[in-house]
Amino acid sequence: MRAGSLLLLVALLALGNQLPAALGKRKIVKPGACPPDDGPCLSVPDQCLDDSQCPSTTKCCSKACYLQCVPKLSVKRGVCPKDLLRCISPIQHLCQGDFDCSGSKRCCLTACGRDCRSPVKD
């Protein structure tokens, strides 16, 4: 009987560790945006899983192809329009973030790189 109780306890502990994932625990997402991840990839383990693991002025973003806490960028209202074109020329980035774009335009990823575009409503 004692072995059965021990086995039941181990099973309950194992299930308890999976409970947050099973309940669909939501990740924390802070306002702001992640900077572009254009650099070469490094084989480094992730430093964070979501924004809750980063200091207040940073976000958990992909940088050098792994997740790390980086300074967040401010973003303007609206969503970048979808670009259905395919690029046949070299990729060229004309902006790095919304702060590079005039008025209400956003720095959007297009087929040929980032460019300032008029946003569409959320």
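Cys-87 is partly exposed, at 24% relative accessibility. In this predicted model, Cys-87 is joined by a disulfide to Cys-112, with an S to S distance of 1.9 Å. Cys-112 is also partly exposed, at 27% relative accessibility. The torsion about their S-S bond is about 110°, so this disulfide is right-handed. Cys-87 sits in the loop between β2 (66-71) and β3 (106-110), while Cys-112 sits in the loop between β3 and β4 (113-117). The pair therefore ties together parts that are 25 residues apart in sequence.

A search of the whole structure finds 8 disulfides. A disulfide is a covalent bond between the sulfur atoms of two cysteines. Two further examples are described here.

Cys-95 and Cys-107 are joined with an S to S distance of 2.0 Å. Their link is right-handed, with 95° about the S-S bond. Cys-95 lies in the loop between β2 and β3, and Cys-107 lies in strand β3, so the link ties together parts 12 residues apart in sequence. Cys-95 is buried, with a relative accessible area of 2%. Cys-107 is buried too, at 11%.

The sulfur atoms of Cys-101 and Cys-116 are 2.1 Å apart and form a disulfide. The torsion about this S-S bond is about -85°, so the disulfide is left-handed. Cys-101 belongs to the loop between β2 and β3, and Cys-116 to strand β4. The bond therefore ties together parts that are 15 residues apart in sequence. Cys-101 counts as buried, because its relative accessibility is 6% and the cut-off for buried is under 20%. Cys-116, at 22%, counts as partly exposed.

How values were computed
Residues numbered from 1 in each chain as written. Predicted model: local features only at pLDDT ≥ 70, side-chain atom pairs only at ≥ 80, totals over all residues. Heavy atoms only, no water. Disulfide = S-S within 2.5 Å. Helix = DSSP H or I, 4+ residues; strand = E, 2+ residues; numbered from the N terminus. Buried < 20%, exposed > 50% of the residue type's maximum accessible area, 1.4 Å probe, protein only.
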